[in-house]
Amino acid sequence: MRYIIYARKSTEDENHQILSIESQLAELREFAAKEKLEIVASLCEAKTAKEPGRTKFAEMLSLIKKDKADGILSWHPDRLARNAVDGGKIIHLIDKGIIKSLKFPTFWFEPTPQGLFMLQIAFGQSKYYVDNLRENVTRGMRQKIRNGVWPLWAPLGYLNNPITRGIDVDEKKASLVKKMFRVYSSGNHTLKEMSEWCKRAGLKSNLDNGISPGQVQTTLQNIFYIGLMKYKGEVFEGKHKPLISKKLFDKVQEVLKERGKPQKIKHNFAFLGLMKCPCSAAITAEKKIKKSGREYIYYRCTKKKGPCLEKHFLREEDLIKQIKTQLQKVSLSSQDTEKVLAELQKDEKHAKEETKILVQNLKNELAEIEVKLEKLLDVYLNEVISTEEYISRKQKILTQKLELQEKIRDFEQKGLSWLEPAREFVLKLNYTEKLINSENYQEMKTFLKNIGSNHILRNQKLIFSFKTPFNLAAEPRSGEAETLTFPKWWTRWESNPRFPHCK
Ligand SMILES: [Zn+2]
């Protein structure tokens, strides 16, 4: 009798102490030696036996049909077949006498009616086992989701913990993922640029590949990062640690939406896109070379919105001078910045005490929301509302819950939410000072857009209004002494320190 060794490693049952291919082969060769079996070929299958159509399996049957071998040596019937089609083929070939012998170290078989019956049961049990396994996996996934544990591959910045079967933060990548959200939220980058940024920053996918623009987008849109999970269209609360605040996440979604619109063509002129003409047409720029050979850049109305009264051109140098004068109004020296920051720190302590009460109120609100969620579930389980309605209502309540939790975290961590914006504001004023002394015109344009609105070029003058809170710094109330220790806006800040709340 000539035998073919057939070994198969399955991926679906690693917990069932199935031998690896190497150990199966070793055991089978030892068995063959002991039983004095002649081996004519060894075939190893990588595919699972759940589905028919395995290549090595087919090759083995064809060798036997061509009379190159008489029997099969395998570890157990469940290595040979786990679906009715393959199992049926084996039994059919034994019936016809084409397969003359089957040997298993773990299963006794002889080609008698009883033997075939046993084999059929062995294959049948495998089929039952596969069906059962599939059922178990699906049930397990559903249970995991209900328990707040993501059942699939961990998203970028997280790891599947093989021991706890939970999702852990991937400390190495998490900080880069956070940075990716922050960088993108500036609105200055395309998805392609972000993909290149990932490459430079050394951020790779969990399978160690580069991150494509499409993957950047998927990542930026994944609610997993704020502690939720979307599974088959339904949103669940996750137990994993969120990496991104809802505030930042929402901002990124806005940027994605904005950037999804067609992009304008880029120009080389630094201040294009900043100003409009009073006639509402855009301002354009052009380069002119004087007889002397000197180059000048001029800004002027495009005159594309009908008649325009503006006759003049504005030279870029003049525009820059005007911009610097405007920026001067909202700049703060490093010395003053330090003073103000020290004052803010004093305030912080006081504010933290006030916060305690506030947090308690929020926590009460949170408790009410929990009750709401429970009631909603009851209503759903009593079949008073439809599944769609349940899902949509649940999502609304979960969003509220998330916002509350975030507020509580913010208050607990930062004392009061106005302190951080206040600090940021002061630092921005100090940044203005640095910007004035630089030649970074691109950045000046972005900054001007951020701190002001309605930039108009009228009669060779740049006019715009400062946004809150920069208007407080730029437009002091009349009667305020110029000799204040602190900048002029500071007194008003103190009398109403919470204004940065309203953007
Ligand atoms: Zn005009």
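The following legends describe close-up views of a predicted model of one protein chain.

**Figure 1. The chain as a whole contains 16 helices and 13 strands.** The predicted chain has 503 residues, and buried residues make up 40% of them. Contacts between residues at least 6 apart in sequence were also examined, and 63% of these join residues at least 24 apart. The views that follow show selected details of this chain.

**Figure 2. Four cysteines hold the zinc ion.** The protein donors are the SG atoms of Cys277, Cys279, Cys301 and Cys308, which lie 2.2 to 2.3 Å from the zinc ion. The angles among the four donor atoms run from 103 to 114°, and the site is tetrahedral. For comparison, the ideal angle for four tetrahedral donors is 109.5 degrees. Along the chain, the donors follow the spacing C-x1-C-x21-C-x6-C. Cys277 belongs to the loop between α9 (246-260) and β9 (283-289), whereas Cys301 belongs to strand β10 (residues 295-301), so this pair ties together parts of the chain that are 24 residues apart in sequence. Cys277 and Cys301 are both buried.

**Figure 3. Tyr296 is a residue of strand β10.** Leaving out residues up to four places away in sequence, Tyr296 touches Glu286, Lys287, Lys288, Lys290, Arg315 and Glu317.

**Figure 4. Helix α6 packs against helix α8.** Helix α6 comprises residues 171-185 and helix α8 comprises residues 213-221; their axes are 11 Å apart and meet at an angle of about 95°. The two helices are therefore roughly perpendicular to each other, a description that applies to angles of 65 to 115 degrees. On the α6 side the contact involves Met180, Phe181 and Tyr184, and on the α8 side Val216, Thr219 and Leu220. Of the residues in this contact, five are nonpolar and one is polar, while none is charged.

**Figure 5. Thr219 is a residue of helix α8.** The relative accessible area of Thr219 is 10%, so this residue is buried. Apart from neighbours within four places in sequence, Thr219 is in contact with Leu156, Met180, Phe181 and Tyr225. Met180 and Phe181 are residues of α6 that take part in the meeting of the two helices.

**Figure 6. The peptide bond from Thr468 to Pro469 is cis.** The omega angle of this bond is near 0°. Pro469 is located in the loop that connects β13 (461-466) with α15 (470-474).

**Figure 7. Lys36 has a positive phi although it is not a glycine.** The phi angle of Lys36 is about 55°. Lys36 is placed in the loop between α1 (21-35) and β2 (38-45). With a relative accessibility of 76%, Lys36 counts as exposed.

**Figure 8. Asn459 also has a positive phi without being a glycine.** The phi angle of Asn459 is about 50°. Asn459 is situated in the loop between β12 (452-458) and β13. Its relative accessibility is 46%, so Asn459 counts as partly exposed.

Key. Residues numbered from 1 in each chain as written. Predicted model: local features only at pLDDT ≥ 70, side-chain atom pairs only at ≥ 80, totals over all residues. Heavy atoms only, no water. Donors = N, O, S within 2.8 Å, 3.2 Å for Na, K, Ca; no water. Tetrahedral: all angles 85-135°; square planar, octahedral: opposite > 155°, others 65-115°. Helix = DSSP H or I, 4+ residues; strand = E, 2+ residues; numbered from the N terminus. Buried < 20%, exposed > 50% of the residue type's maximum accessible area, 1.4 Å probe, protein only. Axes fitted to C-alpha atoms, helices over the stretch in contact; angles between N-to-C directions. Parallel < 35°, antiparallel > 145°, perpendicular 65-115°, else oblique. Contact = heavy atoms within 4.5 Å. Nonpolar A, V, L, I, M, F, W, Y, C, P; charged D, E, K, R; others polar.
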